[in-house]
Amino acid sequence: MALITTKEMFKNAYESGYSIGAFNISNLEQLQGVLKAAKAKNSYVMIQASMSAVKYAGPKTLVDMVTTASNEIGVDVALHLDHGPDLDAVKTCIEVGFTSVMIDGSHFNFEENVKVTKEVVDYAHAKGVVVEAELGVLAGTEDDVTSDVHKYTKPDEAVEFVERTGVDSLAIAIGTSHGAFKFKGEAKLRFDILEEIQNRIPGFPIVLHGASAVDQEAVATCNEFGGDISGAKGVPVDMLRKASSMAVCKVNMDTDLRLAMTAAVRKYLAENPTVFDPRKYIGAGRDAIQTVVENKIDTVLGSANSVK
């Protein structure tokens, strides 16, 4: 098995009306949980690492870990840098073997975002690596990415941005947000924006960030066993599935995996107070991640049996 790019998997996803799950990891057990789910469901997935995860685990360690685990479990997978802040960070990851990178220039004005993204695209494409960019701003906080405001993506700008940068996929802002507290009131996504972009750039892969459903069962388990996660609310599953059937070819999920692992570890330790073997309680977290990823493949992404 091998590390691959997203070109073919996104093409097939777009044409068949499903999305590829992009799951954030920073350790071995998270990785194994995701890859075992992919194997069980015969589904493509992406493994992605934020800059904080890259710093935590080490870029080369991440590449070696993903390569070894994907070979042992028997799945091809893309390894993606999530929210790369600049060209230097992108270069570091590409040089050690990442097959996909994101340059996040969404905090810049439009022209500066185009400039920064084009610079990364030129470098990455010369190395055979695909590039994701972002246009519009998602509110919320996850790792080192934070914003107090939400700015919807403008379809006119999306068309121009793709044409001028040559980017391979584009994350847009239609109402999702980072973190576990996505909505205070009723959840709403701007499908009209997504539909217009899809009509104006047919066949082009769109990405949804901040797309965890924030599973309430995991939240409840965390709270039952000593946690304090009140008011957490994610994107409804039916909305995510609808987006996945349209131009959205990649759906980012981080919070749901964190919640699942944390809930399982808290529960295991509470119910087994004499256990101090990390393999047992972290193993419970790994199993929980596999379960939640299999569920996302079935109910959100629609990508089961996408590997031919």
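Is asparagine 42 buried, partly exposed or exposed? With a relative accessibility of 30%, asparagine 42 counts as partly exposed, since buried means under 20% relative accessible area, exposed means over 50%, and partly exposed is in between (1.4 Å probe, protein chains only).

## Ground rules

This is a predicted model, where local features need pLDDT of at least 70 and side-chain atom pairs count only at pLDDT 80 or more, while totals for chains, interfaces and linings use all residues. Residues are numbered from 1 along each chain as its sequence is written, and side-chain values use heavy atoms, with hydrogens and water left out.

Helix and strand labels are DSSP runs counted from the N terminus (helices are H or I with at least four residues, strands are E with at least two).

## The barrel

Let's start with the strands. Eight of them form a closed barrel in the order β1-β2-β3-β4-β5-β8-β9-β10, with parallel pairing; two strands pair if DSSP finds at least two bridges between them. From one strand to the next, the twist averages 25°.

Now walk along part of that order. Strand β2 (residues 45–49) runs parallel to β3, joined by four bridges, and alanine 49 stands opposite leucine 81 in β3. Strand β3 (residues 78–84) then pairs with β4 in the parallel sense over three bridges, with glycine 84 opposite isoleucine 103 in β4.

## Strand β4 and its crossovers

Which way do the residues of β4 point? In strand β4 (residues 100–103), Ser100 and Met102 point one way, Val101 and Ile103 point the other way, and all are buried. In a regular strand the side chains alternate between the two faces of the sheet.

On to the next partner: β4 and strand β5 (residues 130–135) run parallel and are joined by four bridges. Here valine 101 stands opposite valine 131 in β5. To get from β4 to β5 the chain crosses through α6, and this β-α-β crossover is right-handed. Right-handed here means that, with the strands pointing away from the viewer, the path from the first strand over the helix to the second runs clockwise. There is also a right-handed β-α-β unit made by β3, helix α5 (residues 87–96) and β4.

Helix α6 (residues 110–126) packs on helix α7 (residues 155–165) at an angle of about 35°, with the axes 9 Å apart. Axes are lines fitted to C-alpha atoms, for helices over the stretch in contact, and angles run from 0 to 180 degrees between N-to-C directions. The α6 and α7 crossing is right-handed, meaning the near helix is turned clockwise from the far one by less than a right angle. From α6, Phe110, Glu111, Asn113, Val114, Thr117, Lys118 and Val121 meet Glu157, Glu160, Phe161, Arg164 and Thr165 in α7 (contact means heavy atoms within 4.5 Å). This contact has four nonpolar, three polar and five charged residues. Ala, Val, Leu, Ile, Met, Phe, Trp, Tyr, Cys and Pro count as nonpolar, Asp, Glu, Lys and Arg as charged, and the others, Gly among them, as polar.

Helix α7 also meets helix α8 (residues 191–200), where the axes come within 9 Å and cross at roughly 40°. That crossing of α7 and α8 is right-handed too. Pro155, Asp156, Ala158 and Val159 in α7 meet Ile193, Glu196, Ile197 and Arg200 in α8, giving five nonpolar, no polar and three charged residues.

## Residues to click on

Threonine 117 lies in helix α6 and counts as buried because its relative accessibility is 0%. Apart from residues up to four places away in sequence, threonine 117 touches Ile103, Ala133, Phe161, Thr165 and Val167.

Glycine 136 sits in the loop between β5 and β6 (140–142), and its relative accessible area of 13% makes this glycine buried. Beyond neighbours within four places in sequence, glycine 136 contacts Ser106, Lys151, Thr153 and Ala173. Alanine 173 is 37 residues away along the chain, yet the two C-alpha atoms are separated by 5.2 Å.

Histidine 107, in the loop between β4 and α6, counts as exposed at 57% relative accessibility.

## Two asparagines with positive phi

Back to asparagine 42, found in the loop between α2 (28–41) and β2. Its phi is near 50°, a positive value in a residue other than glycine. Asparagine 305 also has a positive phi, about 60°, although it is not a glycine. You'll find asparagine 305 in the segment after α12 (278–301), where it counts as partly exposed at 48% relative accessibility.
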